[in-house]
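Here is a walk through one protein chain, taken element by element. Keep the sequence and the 3D view side by side while reading.

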Amino acid sequence: MIERPFTVTNPSGLHARPASLFVQLIQKFPGTEVLVTNGPRTVNARSLLSVLSLGVTPGTTISVRCAGPQETEAMEALRALIEGGFGE
């Protein structure tokens with residue numbers, strides 16, 4: 001299991017489009033569980049509605065946890081997406 005904090009820096013946080021990109025990226029790693037935590041709430045990152053329900057705004061630090069056979073690859077892909085500002 002790998003866990004890492006990320007600060008969401010894109011101007012709109014994890015609204016519909018970035019959250020959708022996040023969930024779509026995770027689908028490329030079917031055997032890997034990915035959880036996202038914002039404050040006291042932890043959700044399964046494969047669910048778009050769950051990710052949106054976290055209410056992640058710009059400047060929020062979230063924790064991403066990956067566990068499974070492709071955990072390293074999944075974390076690296078998510079790092080690139082988040083640190084790249086979700087292409088915004």
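Strand 2 is mostly covered, with five of its six residues buried. The model is a predicted one. With strand 4 the pairing is antiparallel and runs over five bridges; here glutamate 33 stands opposite alanine 67. With strand 3, residues 41–44, strand 2 is joined by four bridges, again in the antiparallel sense. Valine 36 has valine 43 of strand 3 as its bridge partner. Strand 2 and strand 3 form a hairpin with two residues between them, and glycine 39 in that turn has a positive phi of about 65 degrees.

The buried residues of helix 1, which covers residues 16–26, are Pro18, Ala19, Phe22, Val23, Leu25 and Ile26. Seen down the helix axis, these residues fall within an arc of 160 degrees, so they line one face of helix 1. An α-helix has 3.6 residues a turn, so residues three or four places apart point the same way.

Between helix 1 and strand 2 there is a loop, and phenylalanine 29 lies in it. Is phenylalanine 29 buried or exposed? Its relative accessibility is 11%, and buried means under 20%, so phenylalanine 29 counts as buried. Leaving out residues up to four places away in sequence, phenylalanine 29 touches Arg46, Gln70, Glu73, Ala74 and Ala77. Glycine 55 is 26 residues from phenylalanine 29 along the chain, and their C-alpha atoms are separated by 24 Å.

Key: Residues numbered from 1 in each chain as written. Predicted model: local features only at pLDDT ≥ 70, side-chain atom pairs only at ≥ 80, totals over all residues. Heavy atoms only, no water. Buried < 20%, exposed > 50% of the residue type's maximum accessible area, 1.4 Å probe, protein only. Arc of directions from axis to C-beta. Contact = heavy atoms within 4.5 Å. Pairing = 2+ DSSP bridges.
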